[in-house]
Amino acid sequence: MTAPDALDPKRCALVLVDLMDRIVALPLEPRKGTDVLAVAEDLATRFRAAGAPVVLIRVERPGVAEQPPGSALAAGLRHEGDLEIVKRTIGGFQGTGLDERLRERGVTTLVFGGIATNLGVESTARAAADLGYELFFAEDAMAAFTAPEHEASVRLDFPRLGTVAPSAALRFTAG
């Protein structure tokens with residue numbers, strides 16, 4: 001993992017995937033969902049303070065009258081001005097208008113976190129790469145169902161798509 005160059009808050013957005021109570025509560029590795037949530041909340045606070053957009057993606061099961069309990073975003077995660085995207089597939093771009101909403105804001109760079117590293121996060125990141133976004137991955141803001149699944153994404157797949165770094169290494173340009 002390397003420290004990235006400073007991020008331009010005018011061109012960058014934080015994308016957090018599936019940080020919902022029922023998913024955060026699952027048994028996860030290499031860290032607990034509550035630890036992922038805490039790091040993600042810190043990142044979101046830093047992005048908001050810099051004036052950069054925060055995108056919160058959550059999944060809804062298609063074709064059901066009512067979503068399972070815990071399907072809302074984790075309490076306190078969403079703030080005024082954040083973009084909430086509802087997906088019905090593994091990734092966050094298909095049929096959600098996310099690309100258009102990011103482009104309207106001039107976003108060209110995405111920083112990812114969420115659960116599960118190798119599913120929702122990776123699927124959304126792969127689509128973002130196909131759409132031409134520059135990608136960064138906050139390794140400590142992610143977890144998967146097993147440590148090997150998480151490690152395969154952050155050590156093998158994500159470096160081919162962008163830069164993997166600890167959240168503390170992600171900083172903004174001045175001014």
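## Helices α4 and α5

The axes of helix α4 (residues 117-130) and helix α5 (residues 147-161) come within 11 Å and cross at roughly 5°. The two helices are therefore roughly parallel to each other, a label given to angles under 35 degrees, with over 145 counted as roughly antiparallel, 65 to 115 as roughly perpendicular and the rest as oblique. Axes are lines fitted to C-alpha atoms, for helices over the stretch in contact, and angles run from 0 to 180 degrees between N-to-C directions. Helices (H or I, at least four residues) and strands (E, at least two) are DSSP runs, numbered from the N terminus.

On the α4 side, Thr117, Asn118, Val121, Glu122, Arg126 and Ala129 meet Glu149, His150, Ser153, Val154, Asp157, Phe158 and Leu161 of α5; contact means heavy atoms within 4.5 Å. The residues of this contact divide into five nonpolar, four polar and four charged. Here Ala, Val, Leu, Ile, Met, Phe, Trp, Tyr, Cys and Pro count as nonpolar, Asp, Glu, Lys and Arg as charged, and the others, Gly among them, as polar.

## Basis of the model

This is a predicted model: local features need pLDDT of at least 70, side-chain atom pairs count only at pLDDT 80 or more, and totals for chains, interfaces and linings use all residues. Residues are numbered from 1 along each chain as its sequence is written, and side-chain values use heavy atoms, with hydrogens and water left out.

## The sheet

An open sheet is formed by six strands in the order β3-β2-β1-β4-β5-β6, with parallel pairing; two strands pair if DSSP finds at least two bridges between them. β3 (83-87) and β6 (163-165) are the edge strands, each pairing on one side only. Neighbouring strands of the sheet are turned by 25° against each other on average, direction ignored.

Strands β4 (residues 109-115) and β5 (residues 134-143) pair in the parallel sense over six bridges. Phe112 stands opposite Phe137 in β5. Helix α4 lies across β1 (12-17), β2 (54-59), β3, β4 and β5, and runs at about 165° to β4.

## Backbone exceptions in loops

Most residues other than glycine have a negative phi, and most peptide bonds are trans. The peptide bond from Ile115 to Ala116 is cis, with omega near 0°, and Ala116 is placed in the loop between β4 and α4. Another cis bond, also with omega near 0°, runs from Glu29 to Pro30; Pro30 lies in the loop between α1 (21-24) and α2 (33-50).

Asp18, in the loop between β1 and α1, has a positive phi of about 60° although it is not a glycine. At 6% relative accessibility, Asp18 counts as buried, meaning under 20% relative accessible area, with exposed over 50% and partly exposed in between (1.4 Å probe, protein chains only).
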